[in-house]
Amino acid sequence: MMLRENIRMAFSSMTGNRLRTFLSLLGIMIGVASVVTILNLGKSASESISSSFNAGGLDTVSIMPRGSARETMIFTEEFAYTLMAEIEGIKEVLPVVSSYANIRNGQEIAESVSVQGVTSGFFASNSLSPSSGELFGAAENINRRQVVVLGSELAEELFPSGNAVGRYISIFRNQAKSFLVVGVLEERDASMGNSYNDSAFMPYNTYTQRFRRTDQVGTYVAKIYEDFDATSVAEEIESYLNEIAGSDYYRIFSPATIKEMADSVTSTFSSFLAAIAAISLVVGGIGIMNIMLVSVVERTGEIGIRKALGADPRAIRSQFLVESVTLSLSGGLIGLITGTLLSVAAVHVTGWSLHISMAAIIVSMLFSGAIGIFFGWYPAAKAARLAPMEALARE
Amino acid sequence: MSAIIELEGVSRTYVVGDAVVHALDDVSLGIEERSFTAIMGPSGSGKSTLMSLIGCLDVPTSGTIRIDGEETGGMNEEELAFLRNRKIGFVFQHFSLLPKLNALDNAALPLLYAGVPVRERRERAEEMLCRVGLKDRLRHRPSELSGGQKQRVAIARALVNNPAILLADEPTGALDSSTGHEVMELFHALHEEGHTIVFVTHDRSLALECGRIIPIKDGRIGYDAS
């Protein structure tokens, strides 16, 4: 009952001197607007990083042996089974072999193309699907068929007029070999070093037979079970490999680990900026305190009248506290709207998709309210303490 | 008739810098229920101090004050506020209305602090404003009212919580003589209805209109011309 009356009085005194109210709220408005903008942008940036990881990548860990030293001799096809036996959480390990070769279709030549020998599971685990034709399966691998699936850019380079599927291309490595194009992959957002778009894929066994007579595997793509944390499985693989091979003889690529690092950098960075912006909230609070102190002095007579009519110190204190909280929340609300509009504008410029941080909204409103209470307390207590006679005398 | 206001050996001293000012010095008096009493004295005589003690705006340095049987001496701020709210209706020289509130909300203020629900506040304030002849000025703000009308709003406000004592401090001091006369008429009418009225003034001719005059000078009360 009293609260409603107090809020009404607060608005009436706020609108009494609009310019002064606006100026005293500026600090808190700028503070909330910057905190909200920074947290929204931080969230949008981190969401855009995660969406740039390919959908099938976050549950994979790739292991790439390095060099040709004796230590790398262990990286054979059998090692895939060893890895699965040793490390918990691995669903399957897909071996990948690759090298660079020139590819020709009539007059069109693509140079230094990454040619990869993969098993049929490779496409599914990387969520790769054909835009035309089809992908090869286990039968093509077993039979060592000379078929190839082209990345979208590579297909365009070799077949500028389209219709790659069903045609033959020549792949040069020592000598030219002819391959039937069975499919072209859908274009994929080129991120995190994945270069599906300009690679050619053939069955693993075809590759090892035609190109490279060796047991050694180029890359192992380990697929992690959904209910396991890819980052910690990657760590386990790392320590296992350090034990059996040494850290110099392999590289490990774990999108989940990179995403985690990127997330932590983004969130550290945005928390840091938000903390700096929060300083302006405190400055804004001082602005509120200042205007409330002025208000108490100006309205000493009013306080005297109210006291004479029976307002006890508590009633006066809550009137001024409600007023300062109303002030700071109004400032916070305007800041919130401004910050959200700024985020929309900034996201428009950077090209991210907008993600509004609910935490920013809740925290900034709670913080504004808390500032109103904290910085309004002293002026309100001062008003409540005024002796009725002296207050009346100053009317 | 019993005394609704009783003062026994009341002194009030203020410390101003190094000096001790005896604003009231050993004052004893009783004011009867349903009486119309003037406290008369020049400025600086201590009449304002006396008014603030009777009005529970202040407590005495020594001596006892009983308002409607309740002793104010040992009371804290909350208890004094409660007593002011229930027992005292103030009318000030300069009206002391809140400029942002209309007549109705101004008159309803004491009820707000008495915890009366909003609907009842409005009803009682409206009734009281009609009583003082402001039926068609309910939604006007003080700046839209004449001096006499403002003082009527203030009187309505003083009466709205049905107080035991109406305490008026130079209520005609800021009004021209004919308006002042109308306001005095209103006080007389209220007295006849049975209100206890204490009237603080420096004006002898106004004091003479009251049933009893308590002269005050230099913090002491002189002969009581009752």
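Helices (H or I, at least four residues) and strands (E, at least two) are DSSP runs, numbered from the N terminus. The structure described here in these terms is a predicted model, in which local features need pLDDT of at least 70 and side-chain atom pairs count only at pLDDT 80 or more, while totals for chains, interfaces and linings use all residues. Residues are numbered from 1 along each chain as its sequence is written, chains are lettered from A and ligands numbered from 1 in the order in which they are written, and side-chain values use heavy atoms, with hydrogens and water left out.

**Cavities and pockets**

- On a 1 Å grid over the protein atoms alone, a cavity is a set of points where a 1.4 Å probe fits but cannot get out, and a pocket is an open set with protein on both sides within 12 Å along at least five of seven lines; lining residues have an atom within 4 Å of a point.
- Grid points are joined across faces, edges and corners, and a volume is the space filled by probe spheres set on the points.
- Two cavities of 30 Å³ or more are counted by this rule, and the largest cavity holds about 120 Å³.
- H3(B) supplies four residues, the largest share of the lining of the largest cavity.
- Two or more lining residues come from each of H1 of chain A, helix H3 (103-113) of chain B and helix H4 (118-131) of chain B.
- Residues lining the largest cavity include A:Glu5, A:Arg8, B:Asp105 and B:Arg122.
- The second largest pocket has a volume of about 710 Å³; of its 39 lining residues, A:Ser12, A:Ser13, A:Arg299, A:Glu302 and B:Lys100 are the closest to its centre.

**Nonpolar cores**

- A nonpolar core is a set of buried Ala, Val, Leu, Ile, Met, Phe, Trp, Tyr and Cys residues joined through side-chain atoms within 4.5 Å, where buried means under 20% relative accessible area (1.4 Å probe, protein chains only).
- The largest such core has 67 residues, and B:Ile5, B:Leu7 and B:Ile67 have the most contacts inside it.
- A second, separate core of 45 residues includes A:Val97, A:Val115, A:Phe179 and A:Val217.

**Sheets of chain B**

- Two strands pair if DSSP finds at least two bridges between them.
- An open sheet of four strands has the order S2-S1-S4-S5 in chain B, with antiparallel pairing; its edge strands are S2 (19-32) and S5 (70-71) of chain B.
- Strand S4 (residues 62-67) of chain B is joined to S5(B) by two bridges, and B:Arg66 stands opposite B:Glu71 in S5(B).
- Six strands of chain B form another open sheet, in the order S6-S7-S8-S3-S9-S10, with mixed pairing.
- Strand S6 (88-91) and strand S10 (220-221) of chain B each have a single partner strand, so one side of each is left without a neighbour in the sheet.
- Strands S7 (residues 165-169) and S8 (residues 196-201) of chain B run parallel and are joined by five bridges; B:Ile165 stands opposite B:Thr196 in S8(B).

**Strand pairing in chain A**

- Strands S2 (residues 90-105) and S3 (residues 108-118) of chain A pair in the antiparallel sense over nine bridges, and A:Gly117 in S3(A) is the bridge partner of A:Val97.
- The hairpin of S2(A) and S3(A) has two residues between the strands, and A:Gly106 takes a positive phi near 60 degrees there.
- S3(A) also pairs with strand S8 (residues 199-203) of chain A, in the parallel sense over five bridges; A:Val115 stands opposite A:Ala200 in S8(A).

Conventions:
Buried means under 20% relative accessible area, exposed over 50%, partly exposed in between (1.4 Å probe, protein chains only).
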